Every structure is written in structure tokens, then in C-alpha cells.
Amino acid sequence: MNTPSSSAPAQARFAGQVVVVTGAAQGIGLAIAQAFAREGAAVSMADVSRDALEDAAAKLRADHGVRAIAVDADLSTEVGAAQLLQRTQAGLGEASVLVNNAGGGVILPFLSHTPETLRATVDRNLWTVLWCTRAFLPPMLRSKYGRIVNLGADSVRNGLADHAAYNAAKGGVHGLTTGLAREFAQVGITVNTVAPCAVNGEPLRKFVREKPEVAAKFLSVIPMGRAAELEEVASMVTYLSSREASFVTGQVISVNGGSTML
Ligand SMILES: NC(=O)c1ccc[n+]([C@@H]2O[C@H](COP(=O)([O-])OP(=O)(O)OC[C@H]3O[C@@H](n4cnc5c(N)ncnc54)[C@H](O)[C@@H]3O)[C@@H](O)[C@H]2O)c1
């Protein structure tokens with residue numbers, strides 16, 4: 001028997017909702033923003049890189065007839081996260097969904113890291129999530145509803161080559177997920193993480209061009225024998241962000257072609 005939510009048209013799932021996507025200028029974040037816009041959300045697109053962000057927001061408005069704003073801010077700082085909250089509230093209203101996608105690896109053997117690359121790894125992948133989550137949780141608490149979805153990494157589980165420092169940061173995101181999920185379980189807020197393995201975007205393509213032997217190691221752990229397409233990651237993010245995912249919280253869900261199982 002159809003429930004009201006299962007019979008609703010898919011494109012209406014996020015109509016009337018404001019969704020924040022960090023790291024939305026390119027790659028997985030841009031694909032996530034496009035997926036939400038296709039389903040009717042107003043989208044606040046944030047990135048430290050201004051290049052392409054304004055154009056991407058304009059394209060979302062033109063292609064999908066939704067409201068979309070571009071917020072350039074360094075989200076690894078408390079000030080940057082506060083700017084994102086303030087500009088989202090002023091431009092679109094209160095957000096019901098926060099997707100902490102900003103990140104990206106400095107993928108190196110552990111002893112090849114410099115102090116700068118270690119800090120950049122933790123700043124990009126963990127501090128962005130901590131500050132943005134702290135900024136957006138209070139209004140979600142006031143409205144007694146929220147969906148927080150983080151981008152983690154399956155490399156935390158499979159110990160992928162050269163990923164130790166990155167895994168330290170992403171492991172922090174996985175840990176934050178379970179802790180927050182428990183803390184807010186009874187107030188309408190769910191917290192989950194999507195953990196991809198290799199994804200078919202520019203960071204992987206750069207590896208294939210510049211360090212093909214290392215890229216081959218990343219792909220060799222995937223039983224499906226290929227990287228994920230951007231949309232295959234985005235669809236899990238929109239599911240976890242939807243009202244229908246109401247009983248799913250505290251989960252780190254791999255989208256990984258089988259690179260870890262269970
Ligand atoms: N690509 C993969 O194979 C893969 C695998 C597992 C996990 N992930 C994760 O998925 C997410 C997206 O990856 P991607 O491949 O699209 O990466 P990407 O490098 O193409 O995009 C990441 C975006 O985040 C932005 N960003 C970084 N630091 C920021 C900061 N301090 N403030 C604001 N914006 C910031 C960057 O400017 C960039 O636009 C990342 O968290 C990444 O770690 C990616």
C-alpha cells in the first residue's frame with residue numbers, strides 16, 4: 001500500500017526546504033547541489049573557492065527554477081561557518097538540511113607530509129564539519145527538525161594506501177556522526193555520513209594522470225572494478241537528507257562498489 005510520502009512525486013521531495021551544501025563549487029558537492037535542485041530545494045552553495053561558485057548557482061537557478069545562492073567562505077574557521085549561516089538565513093531562510101561535503105585529501109605517505117599538509121588535511125576535512133555543524137544545529141533544534149549528512153571516506157575502513165592522515169580527519173567525522181546522532185536522537189535531527197571509495201571526479205583523474213600506479217591501487221580494492229559516478233554518491237546523500245529517512249541516524253554508509261562489505 002502506498003503511503004503519502006511514497007506516492008509523492010520524487011521531484012517534490014525537497015520543495016519548500018532550504019539545503020546547505022558545502023564544497024559545492026565542483027565535484028561531488030556540485031552534483032549534490034544539482035540533485036537537490038532537481039527535487040525542488042532552495043540551495044545555499046558554499047565554497048572557499050569563488051571560481052565557478054557564482055556560475056554554478058546561476059546555472060542551478062536557470063536549469064531548475066529554484067532559489068540558489070553562492071557563499072564564499074573558508075569553512076574551516078568559526079567565522080566562515082557563521083557567515084554561511086547568516087547569509088543562508090538572510091538569502092533563503094532557515095536550513096533543514098546541512099551537507100558537510102567540503103574537504104578533499106592531501107593524499108601522501110604519512111612521512112611525506114609536511115606540517116602544512118597535515119594541518120590542511122585536518123582543516124579541510126574535520127574543522128569544516130565541526131564549525132558548520134555547530135553553526136547550523138541551534139536553528140535546527142529550534143525548529144525540532146534537521147538532517148545533517150557528512151562526507152566521510154571508505155578509506156577509514158579499508159586502510160587505503162597513502163590515506164593515513166586523511167583517514168585521521170575523516171575518522172573524526174565518522175566519530176562525530178555517532179556521537180551527535182545519539183545526542184540529538186530525540187529532537188528530530190538525524191546525523192549520518194556517506195563514505196565513498198574512489199569517485200570519478202577531478203581529484204581521481206589528477207591521480208590517474210600524475211601517479212597512475214597509486215591510482216591503480218585505489219581502484220584495485222573495488223570489486224566492481226570502477227570508481228563511483230558523482231550521481232551515485234549524490235543519490236545516497238539526498239536519501240539520507242529526506243523525510244523518508246526518518247529512522248536512519250548515526251550511520252556511516254559506504255558507497256563503494258563493495259570495497260568494504262558489511
Ligand atoms: N573524490 C573521491 O574519490 C572521494 C572519496 C572519498 C571521500 N571524498 C570526499 O568527498 C568530498 C568531496 O570530494 P570531491 O572529490 O568532490 O573533492 P573536490 O576537491 O573536487 O571538491 C571539494 C570542494 O571543497 C572545497 N573546500 C575545501 N576546503 C574548504 C574550506 N575550508 N571551506 C570551504 N570549502 C572548502 C574545495 O574548494 C572544493 O571545491 C570531500 O569531503 C572528499 O574528502 C571524496
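Author: Quick ground rules first: helices (H or I, at least four residues) and strands (E, at least two) are DSSP runs, numbered from the N terminus. The model is predicted, so local features need pLDDT of at least 70 and side-chain atom pairs pLDDT 80 or more, while totals for chains, interfaces and linings use all residues. Residues count from 1 along each chain as its sequence is written, and side-chain values use heavy atoms, leaving out hydrogens and water.

Reader: Which helix gives the largest share of the lining of the largest pocket?

Author: A pocket here is an open set of 1 Å grid points over the protein atoms alone, where a 1.4 Å probe fits, with protein on both sides within 12 Å along at least five of seven lines; lining residues have an atom within 4 Å of a point. α2 (27-38), α5 (115-143), α7 (164-183) and α8 (202-210) each put in at least two lining residues. The largest share, 7 residues, belongs to α8.

Reader: Now the ligand: how much of its area does the protein bury?

Author: Start with polar contacts (N or O pairs within 3.5 Å). A nitrogen of the ligand sits 3.1 Å from a backbone N or O of Val48, and ligand oxygens are 2.9 Å from a polar backbone atom of Val199 and 3.5 Å from a polar side-chain atom of Asn125. On its own the ligand exposes 830 Å² (Shrake-Rupley, 1.4 Å probe), and the share buried by the protein is 89%.

Reader: Which residues come nearest to the ligand?

Author: Counting a residue as near if a heavy atom lies within 4 Å, you get 27 residues around the ligand. The nearest of these are Ile28, Asp47, Asn101, Tyr166 and Lys170.

Reader: Is Asp162 buried, partly exposed or exposed?

Author: Asp162 lies in the loop between α6 (155-158) and α7, and has a positive phi of about 65° without being a glycine. The cut-offs are under 20% relative accessible area for buried and over 50% for exposed, with partly exposed in between (1.4 Å probe, protein chains only). Asp162 has 27% relative accessibility, so it counts as partly exposed.

Reader: What is the phi of Leu262 near?

Author: Look in the segment after β7 (252-255), where Leu262 sits. Leu262 isn't a glycine, yet its phi is positive, near 90°.

Reader: How far apart are the C-alpha atoms of Tyr145 and Gln34?

Author: Tyr145 is in the loop between α5 and β5 (146-151). With a relative accessible area of 14%, Tyr145 is buried. Along the chain, Gln34 is 111 residues away from Tyr145, and their C-alpha atoms are separated by 23 Å.

Definitions and conventions
A polar contact is a pair of N or O atoms within 3.5 Å; within protein, one must be able to donate a hydrogen and the other to accept it, and residues adjacent in sequence count only if both atoms are side-chain atoms.
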